[in-house]
Amino acid sequence: MDHTVDEIRFRDLFDRHHRSVTAYFTRRVPDETEVLSATDDVFLVAWRRLDDVPEGDGALPWLYGVARKVLANHRRGLTRFTKLRHKIEAEPIYPVRGPATEAILSVQEEQMLRALETLPWKHREVLLLTYWEQLPHKDIGRILGCSTETVHVRRYRAVNRLKAALGQTGQAENPSPIRLQRSQHVD
Amino acid sequence: MWTDHEIADLLERVNPLPDPEALPDRSERLWTSLESKRTDRSVPATKPNYRRRATLAAAVVAVLVTSSAVAAALFLDPDAPPLDREFDAVEQPMLTVYGSGQGIADGCAWRLAFASTGTPLVGGPCGVFELTDNHWEMIADEVAVGVSFMDMTVDGEGVIWVASPDQPLRRLMGDGFTEMEIGSPWIAAAPDGTIWAVDFGFANTGGLVAYTEGAWRTIDGTEMVSGIAVGSDGVVWMNAATETGEELARVSQDTFEIVDFEGPRGSIGSLTTAPDGAVWFVVGTNDTIYRLGVSDQLSYIVRYDGASSTSIEVPFAEISDLAVHPNGTVWASSSLHGIFSYDGESWTRYGVADGLPVNEVHSLDVAPDGSVYATTDQGVVRIRTEG
């Protein structure tokens, strides 16, 4: 009886949110195999801790919170790769775009991606959760384990840093275009 | 120079996947993979998860046995999420609700302040309203408060200040307003007339700022502070984000310091000061990612008097604001469960069944006459208290 209740609830949780969780990783991880593996990990945690998963609107922020930790583990494994590839300490933004297989960014968009990479992780994640996942500050606070007030502060500090970084990148001469590659889907 | 709007627009444009529906459907593949791993882990050979199964089985039995009582409770209090404990009954719910019939339209009441005469003021995106003869009269309109009202205070001269993270601070003057060069989501007035705010770097380097005699000064070392409260002794209390987490901090005589209080650690918010000078605040513990279940209590209310601290475990979720009555009672609002008071021994809850229009409460404060006022999306609530 209880097993059936768990099964039904878990399947419902998966059906409602697997796209959002997959999208979260697709925006941050370059390879689709890694995306699917990370999504798997999130729902395995959710299954093991089903009693802790909030009902209703609280479920997705909870899953994003797990996804954040899964991503941190994933990135620890990629650290050497990213340092070699980008020759910078900061973790890169992985530009992956949906329907189009390839797109060339405008100069402004390219500057923005470069500027984002200069931000400390805590500041960048607040911006991405705000503007990519479209989450309110209250939910972001739950995901990052900080107060809503701190999210406000981080967001505005991040925007100010972005402005400063954009000012610098905007003065760069003939910046090379960044090509947005869609990740290779594995069938 | 980039504007905030341009930054926001550009951030959205570089979203690699604006619409998750554009992703290829991988649900079957994901589910199949998940099923194999999940089956293996849910039936471990050496360490079965009896606790979760026993808990769930007990919960099913409990639901069956108490279903009629639960149904009755839900009928009485339809908006209330379930709570796992009993609270003291409200014996004399001397409670008044001011809604649209009394001048406060839905969605207009966010923050409270009191004029030097004790007159209650409420602010929000519709403007600022003053309570006169049991009716709220608009004294500043939505143009005056701006697009993103967040906080307000009244200085020693009776001037109302409005704070917003997206626009400069505003002093409301008659039918108009003047703007300062500071942008802050929080604002507080000290007894000596100083206005304290947290500058988000409109024209300065950011951090805690003070306004006296027509000039602003920045307090060194306060770049990552938020959520300020000023005590009767002029000490400014705040949340300070550090590399390792959030800390309680204070500024006294323009000197900033982190306070090492004894008690739970985690996110710090809802700071308020009591008439005895102690600071009270909420600590959301960080030992889990995010739990909303009432059975998993993660919040504490902490009192720190400058030398020692005490902690109270909170039996409800989502504290939105905190206030301390001169008689020592602690009042807390919840964005899920209504209003609570704690007299040092037990909690009393005010919910929809006691007359609240909704259980989602934005803020509360204690008026000079001892009444407790609270704001909701459906008006302002006044609770008359003893003592």
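Reader: Among contacts in chain B between residues at least 6 apart in sequence, what percentage join residues at least 24 apart?
Author: The model is a predicted one, and chain B is built from five helices and 28 strands. When the contacts of chain B between residues at least 6 apart in sequence are taken together, the share that joins residues at least 24 apart is 44%.

Reader: What is the corresponding percentage in chain A?
Author: Chain A has seven helices and two strands, which follow the pattern α-α-α-β-α-α-α-α-β along the sequence. Among its contacts between residues at least 6 apart in sequence, those joining residues at least 24 apart make up 71%.

Reader: What percentage of the 187 residues of chain A count as buried?
Author: For chain B, with its 387 residues, the buried share is 38%. For chain A, with its 187 residues, the buried share is 45%.

Reader: Is helix α2 of chain A largely enclosed or largely open, and how many of its residues are buried?
Author: Helix α2 of chain A covers residues 32-48, and its 17 residues at 1.5 Å a residue should span 24 Å, which agrees with end C-alpha atoms that are 24 Å apart. Its buried residues include A:Val35, A:Leu36, A:Phe43 and A:Trp47, and also A:Asp40 and A:Asp41. The helix α2(A) is largely enclosed by the rest of the structure, because the number of its 17 residues that are buried is 12.

Reader: How is helix α4 of chain A placed against helix α1 of chain B?
Author: Helix α4 (residues 107-117) of chain A packs on helix α1 (residues 4-13) of chain B with the axes 10 Å apart and at an angle of about 90°. An angle of 65 to 115 degrees counts as roughly perpendicular, and therefore α4(A) stands to α1(B) as roughly perpendicular.

Reader: Which residues of α1(B) are met by residues of α4(A)?
Author: The residues of this contact divide into three nonpolar, one polar and two charged. On the side of α4(A) they are A:Gln108, A:Glu109 and A:Met112, and these meet, in α1(B), the residues B:Leu10, B:Leu11 and B:Arg13.

Reader: How many of the five residues of strand β24 of chain B are buried?
Author: Strand β24(B) pairs in the antiparallel sense with strand β23 (residues 330-334) over five bridges, and it is also joined by four bridges to strand β25 (residues 347-350), again running antiparallel. The strand β24(B), residues 338-342, is mostly covered, and the number of its five residues that are buried is four.

Reader: Which residue takes a positive phi in the hairpin of β24(B) and β25(B)?
Author: The hairpin from β23(B) to β24(B) passes through three residues, whereas the hairpin of β24(B) and β25(B) has four residues between the strands. In the latter hairpin, the residue with a positive phi near 105° is B:Gly344.

Conventions. Residues are numbered from 1 along each chain as its sequence is written. Chains are lettered from A and ligands numbered from 1 in the order in which they are written. This is a predicted model: local features need pLDDT of at least 70, side-chain atom pairs count only at pLDDT 80 or more; totals for chains, interfaces and linings use all residues. A residue is buried if 20 or more other C-beta atoms lie within 10 Å of its own, exposed if 12 or fewer, and partly exposed in between; C-beta atoms are placed from the backbone. Two residues are in contact if their C-beta atoms, placed from the backbone, lie within 7 Å. Two strands pair if DSSP finds at least two bridges between them. The expected span of a helix is 1.5 Å times one less than its number of residues. Axes are lines fitted to C-alpha atoms, for helices over the stretch in contact, and angles run from 0 to 180 degrees between N-to-C directions. Angles under 35 degrees count as roughly parallel, over 145 as roughly antiparallel, 65 to 115 as roughly perpendicular and the rest as oblique. Ala, Val, Leu, Ile, Met, Phe, Trp, Tyr, Cys and Pro count as nonpolar, Asp, Glu, Lys and Arg as charged, and the others, Gly among them, as polar.
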